[in-house]
Amino acid sequence: MGRKPDPAKPHSSGAASPRAARRTQPSPVFLGTALFVLGFVSLFTGHIVTDADWSRIRSRWRSKQIKNNEPINIWKSRYSNLYYGCSRGSTYFRSAVPENSSTGYLLIGTSGGLNQQRIGITDAVVVARVLNATLVVPELDHHSFWKDDSDFSDIFDVDWFISYLAKDVTIVKRIPYEVMISMDKLPWTMRAPRKSIPDFYIDEVLPILMRRRALQLTKFDYRLTNELDEELQKLRCRVNFHALRFTNSIQTLGEKLVRKLRVMTSRYVAVHLRFEPDMLAFSGCYYGGGEKERKELGEIRKRWDTLPELSAEDERSRGKCPLTPQEIGLMLRALGFSNNTYLYVASGEIYGGEETLQPLRDLFPNFYTKEMLAGDDLKPFLPFSSRLAAIDFIVSDESDVFVTNNNGNMAKVLAGRRRYMGHKRTIRPNAKKLNSLFQKRNQMGWDTFSRRVKKAQRGLMGEPDDIRPGKDDFHEFPSSCICQRLPVNRSVTSRP
């Protein structure tokens, strides 16, 4: 069978020779040798290899890597085995306060889609811990744009959630009936400001909770600061990466789709493609659809009467616009993913439908979605957007490479999870620099374009020493929960 023409690259360039490839590789792995020496120093002098030591080693290696333009393995970081998730609480982290000794019952109303609610649930556990409260299993948002009436137990394994966190926080499914009928008034309802510090909850929430015996916090998303002490950060990780396990029906279908992909290919790329009409309208960006697009998205934008007037050109030049499906495809091809790479696309409704997706399909013919892989097995989940998102979450999490066209909640949560699970390759587009390259795409040859894309993406490829955004988000960079292991010999290897 003849090979299909490659739409991204009119003329294929020759691959680097083995000799040239050998020249670009560093001599016996620098990090392994350096850490081996530091290990002996530790043994004989009592000096512990600190984060500062490790940072100096990494910075020297990184400077050398950038200077020599060392190629990056697009499928896996060579240093991923040096890291592992470590979220166990210390021996000083006291056990949970029993229900009958707690300060009261804390009810939580989450907000948004699946992953926004996931962040709210994670922070709710921490707030309950800070208040010495008994947490009632959080209520999910039934009134947001997604209009999903799923309850917590429809998406997450509630019994596992309660039992896994039993040593950290006492959690109950509901306020006991005898407590409810003994209360003079209904639970007090209030909303915490965004990014509140623990002192706010102690000073403003705790007195009401103790007086009323039950209190509900509404719209609970991003209501807790990212800057917590290490023990509370580790608790966040225990909730997010261990306690929040999907129900058996969701997990089973997600794993089934992963197995189907693995039968077809040994490795695949998952693309989280946020390109829904409401999301594009909210962004204030323009995507090349002419007057029809401007009118349609303009009408949707009127739903939010507080949105400011934005310049689409300014937003794109600032890197605030999600990449289009075609742009994601061009970026991946320029980074080195060939057109026979298998792509799993996690998405909702795509603005423009198949016409918008076709350029990405042309670049990657092995294109799959949950609808294509699941068939009739997906029918029970179709009325529930959060359950569909959970299936996408599982298949994306199991991918060899995860890439997103946006910096939304799913992108952040999965990026953090993949770091915690060993720095699985996760690509965050440098939208600001890539926009300039996309605009000049027809003014340069493919090899030049590819070289510049690779340069733009350095530091955003899921390496352990990735560049962090200006405002650090713990859910994306759970640094308190990631530990480094020393190599056991001169080569960089991990312990079993």
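Predicted model: local features only at pLDDT ≥ 70, side-chain atom pairs only at ≥ 80, totals over all residues.
1. Let's start with the disulfides. The structure has three of them, and a disulfide is a covalent bond between the sulfur atoms of two cysteines. Counting bonded cysteines along the chain, the pattern reads 1-6, 2-5, 3-4.

2. Take Cys86 and Cys483 to begin with: their sulfur atoms sit 1.9 Å apart. The link of Cys86 and Cys483 is right-handed, with 90° about the S-S bond. This pair connects distant parts of the chain, 397 residues apart: Cys86 is in the loop between strand 1 (83-85) and strand 2 (105-108), while Cys483 is in strand 12 (residues 482-484). Buried or partly exposed? Cys86 has 13% relative accessibility and so counts as buried, whereas Cys483, at 24%, is partly exposed.

3. Next comes the bond from Cys237 to Cys481, with 2.0 Å from S to S. The torsion about that S-S bond is about 90°, so the disulfide of Cys237 and Cys481 is right-handed. Cys237 belongs to helix 9 (residues 230-243) and Cys481 to the loop between helix 20 (446-456) and strand 12, so parts 244 residues apart in sequence are tied together. Cys237 is buried at 1% relative accessibility, and Cys481 is buried at 0%.

4. What about Cys285 and Cys321? Their sulfur atoms are 2.0 Å apart, and this link is left-handed, with -90° about the S-S bond. Cys285 is in the loop between helix 11 and helix 12, and Cys321 in the loop between helix 13 and helix 14 (325-335), so the bond ties together parts 36 residues apart in sequence. Cys285 is buried at 7% relative accessible area; Cys321 is buried with 7% relative accessibility.

5. Now the rings. The whole structure gives 13 aromatic pairs. One of them is Phe200 with Tyr201: the centres are 5.4 Å apart and the planes meet at 85°, so the pair is edge-to-face. Both Phe200 and Tyr201 are buried.

6. Phe282 and Trp304 also make an edge-to-face pair, 5.1 Å centre to centre with 85° between the planes. Phe282 is in helix 11 (residues 277-283) and Trp304 in the loop between helix 12 (290-301) and helix 13 (312-317), 22 residues apart. Phe282 is partly exposed at 44% relative accessibility, and Trp304 is partly exposed at 28%.

7. One aromatic cluster is made up of Phe152, Phe156, Phe161, Phe246 and Phe393. Elsewhere, Arg387 lies over the face of Phe384, 3.6 Å from the ring centre. The charged end of Arg333 sits over the ring of Phe364, at 5.9 Å from its centre.

Note on methods. Residues numbered from 1 in each chain as written. Heavy atoms only, no water. Phe/Tyr/Trp six-rings, centres within 6.5 Å; stacked < 30°, edge-to-face > 60°. Buried < 20%, exposed > 50% of the residue type's maximum accessible area, 1.4 Å probe, protein only. Helix = DSSP H or I, 4+ residues; strand = E, 2+ residues; numbered from the N terminus. Lys NZ or Arg CZ within 6 Å of the ring centre and 35° of its normal. Disulfide = S-S within 2.5 Å.
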